[in-house]
Amino acid sequence: MRLTQETKQTQSLVMTAQLQQAIRILQLSTPELQEEIEHAFLENPLLEMEDADPVQESASTYEAAERSLAEERDFFAAPYDADDFYEAETAHEQRELSAPVALALEEELLREVDVRFADRAEKAIAVFLVGSLDERGYLVVPLAEAARAIGVDEAEVERVLGILQSFEPAGIGARDLTECMRLQAERAGIYEGLLRSVIERHLRTVADGRYRAIARAEGATLADVQTAVDILRTFSPKPGSAYGKEAPAYIRPDVRLTVTDGRFEIAVCNEQLPRLRVSRLYRNTAEMDAETRDYIAQRIYAARALIRSIGQRGETLRRVAEELVRRQTDFVLHGTGALRPLTMQTVADALSMHESTVSRAVAHKYIDLPRGLVPLRDFFSAAVGTEENGALSADAVRATIRTIIAAEDAHAPLSDARIAELLAARGIAAARRTVMKYREQLGIPSSAKRRRY
C-alpha cells in the first residue's frame, strides 16, 4: 500500500455563529423576537435603541403637563412602575393586552373554606380534602385514609366532604364519574327517573353509544334515552378542569395584508419591535487598551450581526408571504373551502430557497387578513386526488365532509362509505378510510354516535 499526499478543493456549508443566529431568528414569532432583542440589549452594551425626536418628546411632555391629574396618572403609571424600561407599556396598551388571571382550583376552594367553616377542626378537615383533589376536581384519597391522617372519625370527614361538594363548580369533590354526574344532577334538581338510572348504571353504555341496550334494560323508548343522554352531556365530567389554566396568550400578527385598489400589499409587522443601532459612544478607542478594544470590536460585530439577521428575517418573511398570497388568493378571499394543494417545496423552488427556510419562515407566525388572523402554515395543504377536477387540498375535502354531515338526516346519519360515495359524485376520489381519518380530525363522531332517536 502506497501513501501519498495531494491537494484537493471542496465546498461545504459551514454553520458559523452568525448563520446559526440568522436561522434561529428567522423562526421566531414577533413576540419571541421582541424578547430576543431585549435580551440582546441587556447583554450587549454596544446596542441601543434609536432615540425619539427631541422636538416631539418635548411637545408630548408639554401636552402631558396640561392634562388632568387622572389622565397623567394613566399616562405615566405604566412606564415608570416597571422595573425594566422595555417591559413598560402605556396604560392603554396594558388594558388591551392584559389577560384575566386564572385562579387555581385549590386557591378558589380555600377562599370558600375560610367563609363557610368557622370551627377550626372542620376547617382543618376541609383544607386537607381540598389538598387531596386532583386537577379534575376529584377526591383521590379514601375517606378512611383521610380520617387516619387527620385523626378524626371517618363520619366527620364524610360530613365535611358533603359541605365541600356544595361548593362551586358543581361536581367538585366527587370520588368517581358516577358521583360527579349525580352531584350535578342533584344541583339541577333533576336527579330522578331515567336520568338517575342512566347515571347509576349505564355511563359506560352511554360512552359506547349503545342507546338501544339502555332502552331495553330500562323499558324506555329510544327518544327518552336520547333526551336523558342529551341532558347528561351538558354536565362536566371534569369540573375542576376550568381552573388553573394559563392565562390566554394574545396573538400578534407577523405579517399584514392590505387591499388597495384591488391589489394585495404585504407588510411585515415591525411596530412592536424596538429599532436597534450600534452605539456611537465607543467609536473613539484610541485611548483604550488592547483588551478593551478587542471586546468592543466583538460587541460591535455581534450587534451588527443581530441587526442584519433581523433585517434578513423581515425580507424572507415578506417574500414568503407574498408568494403564499399569490398562490392562495381564493383562500385569502373565501376561506378554507377555496384552499388549493400547496407544499413548502413548491414555494421554496419558486423563491430559490431551501424548504427548511420556508418552514422556519412560517413557523408560529400569523398573517392579518381582512377576515382575521390566520396561521401562515394554513396556506399549505396536502393534495387529495379527484376524478375530474384535478387535485384538491385536504382542507377543502375536510370542509366538504363537514358540509355533507351538517346536511344529513340526524335520524339516519351517513356512514363513512356513503360519504365517500357522495364525494365521488362531486368528483372527489377519497377512500372510506380517508373519510374516517378526516372525520376524526374534524372531531365528528361516527354515524352510530351521531344518530338521533
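What follows is a short tour, starting with the whole chain and moving on to a few spots to look up.

Keep in mind that this is a predicted model. The chain has 453 residues, and 35% of them are buried. Its secondary structure comes to 22 helices and eight strands. Of the contacts with a separation of 6 or more, 62% are between residues 24 or more positions apart.

- Start with strand E2 (residues 255-260) and strand E3 (residues 263-268), which run antiparallel and are joined by six bridges.
- Two residues sit between the strands in this hairpin, and Asp261 has a positive phi there, near 55 degrees.
- E2 also pairs with strand E5 (residues 366-369); these two run parallel, with two bridges between them.

- Look for Val374 in strand E6, which covers residues 372-375.
- Is Val374 buried or exposed? Val374 counts as buried because its relative accessibility is 7%, and the cut-off for buried is under 20%.
- Beyond its neighbours within four places in sequence, Val374 is in contact with Phe331, Lys365, Tyr366, Ile367, Leu369 and Phe379.
- Pro253 is 121 residues away from Val374 in sequence, yet their C-alpha atoms are 8.6 Å apart in space.

**The aromatic pair**

- How many aromatic pairs does a search of the whole structure find? The search turns up one.
- The pair is Phe331 with Phe379, arranged edge-to-face, with 5.0 Å from centre to centre and 80 degrees between the planes.
- These two come from distant parts of the chain, 48 residues apart: Phe331 belongs to helix H16 (residues 329-334), and Phe379 to the loop between E6 and strand E7 (383-384).
- Both Phe331 and Phe379 are buried, and both are among the contacts of Val374.

**The second largest pocket**

- Probing is a simple idea: roll a probe the size of a water molecule over the atoms, and you see where empty space is left.
- The second largest pocket holds about 380 Å³ of space.
- Its lining has 14 residues, and the ones nearest the centre are Leu177, Leu203, Val206, Ala207 and Arg233.
- Sorted by class, the lining of this pocket has ten nonpolar, three charged and one polar residue.
- Helix H10 (177-188) and helix H12 (203-208) each supply at least two of the lining residues.
- Which helix gives the most to the lining of the second largest pocket? H12 does, with four residues.

**The loop between H9 and H10**

- Pro169 is found in the loop between helix H9 (154-164) and H10.
- The peptide bond from Glu168 to Pro169 is cis, with omega near 0 degrees.
- For background, most peptide bonds are trans, and most residues other than glycine have a negative phi.
- Gly171 is in the loop between H9 and H10 as well, and Gly171 counts as buried because its relative accessibility is 0%.
- Leaving out residues up to four places away in sequence, Gly171 touches Gly137, Cys180, Leu183, Gln184 and Pro239.
- Gly171 and Glu186 are 15 residues apart along the chain, and 9.5 Å separates their C-alpha atoms.

- Ser352 lies in the loop between helix H17 (344-351) and helix H18 (355-362).
- The phi of Ser352 is positive, near 55 degrees, and Ser352 is a residue other than glycine.
- Ser352 counts as exposed because its relative accessibility is 69%, and the cut-off for exposed is over 50%.
- His364 is in the loop between H18 and E5, and its phi is also positive, near 55 degrees.
- His364 is exposed too, because its relative accessible area is 59%.

Technical notes
Residues numbered from 1 in each chain as written. Predicted model: local features only at pLDDT ≥ 70, side-chain atom pairs only at ≥ 80, totals over all residues. Heavy atoms only, no water. 1 Å grid on protein atoms, 1.4 Å probe; cavity = no way out; pocket = protein on both sides within 12 Å on 5 of 7 lines; lining within 4 Å. Points joined across faces, edges and corners; volume = space filled by probe spheres on them. Nonpolar A, V, L, I, M, F, W, Y, C, P; charged D, E, K, R; others polar. Buried < 20%, exposed > 50% of the residue type's maximum accessible area, 1.4 Å probe, protein only. Contact = heavy atoms within 4.5 Å. Pairing = 2+ DSSP bridges. Phe/Tyr/Trp six-rings, centres within 6.5 Å; stacked < 30°, edge-to-face > 60°.
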